[in-house]
Amino acid sequence: MTHEASTESQVLTVGNLLNLPPTTDIVTAGKAFGMGATKAYQLAKADKFPCKVVRSGGSYRVVTADMLRILCVPETTEDAPAA
């Protein structure tokens, strides 16, 4: 099982986001932005996804660093505000 599959049925926390690989699938990235898979694919196909998307063959990969920057996620959990 991949890490991405493990985030499929859970809420993404800052820790989950920081543990993502350099690129992630469009569904996981969409979840980070609060959208479902259908909307994430629609935006990616229209070149309107909120962060950098790389198309490789028939799949879409999101650049994790760009996603984290746009979501204003600190680089480490030590920089994150207390809950």
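**View 1. Strand 1 and strand 3 run side by side in the antiparallel sense, joined by three bridges.** This is a predicted model, where local features need pLDDT of at least 70, side-chain atom pairs count only at pLDDT 80 or more, and totals for chains, interfaces and linings use all residues. Residues are numbered from 1 along each chain as its sequence is written, and side-chain values use heavy atoms, with hydrogens and water left out. Helices (H or I, at least four residues) and strands (E, at least two) are DSSP runs, numbered from the N terminus. Strands count as paired if DSSP finds at least two bridges between them.

**View 2. Now zoom in on T24, a residue of strand 1 (residues 23-25).** Is T24 buried or exposed? T24 is buried, at 0% relative accessibility. Buried here means under 20% relative accessible area, exposed over 50%, and partly exposed in between (1.4 Å probe, protein chains only). T24 and Y60 are 36 residues apart along the chain, and their C-alpha atoms are separated by 8.6 Å.

**View 3. The largest nonpolar core has 16 residues, and L17, I26, F49, V62 and M67 touch the most other members.** A nonpolar core is a set of buried Ala, Val, Leu, Ile, Met, Phe, Trp, Tyr and Cys residues joined through side-chain atoms within 4.5 Å. The largest share, three residues, comes from helix 4. In soluble globular proteins, nonpolar side chains tend to be buried together.

**View 4. F33 and F49 form an edge-to-face pair, because their ring centres are 5.7 Å apart and their planes stand at 90°.** Rings of Phe, Tyr and Trp (its six-membered ring) pair if their centres lie within 6.5 Å; planes under 30 degrees apart are stacked, over 60 edge-to-face, and the rest tilted. F33 is in the loop between helix 3 and helix 4, and F49 in the loop between helix 4 and strand 2 (53-56), so the pair ties together parts 16 residues apart in sequence. F33 is partly exposed at 22% relative accessibility, while F49 is buried at 8%. Which residues does F49 contact, leaving aside its neighbours within four places in sequence? They are I26, A29, G30, F33, M35, A40, L43, A44 and V62, where contact means heavy atoms within 4.5 Å.

**View 5. How many aromatic pairs are there?** The count is two. Besides F33 and F49, there are Y41 and Y60, whose ring centres are 6.1 Å apart with planes at 70°, so this pair is edge-to-face. Y41 belongs to helix 4 and Y60 to strand 3, 19 residues apart. Y41 is partly exposed at 35% relative accessibility, whereas Y60 is buried with a relative accessible area of 9%.
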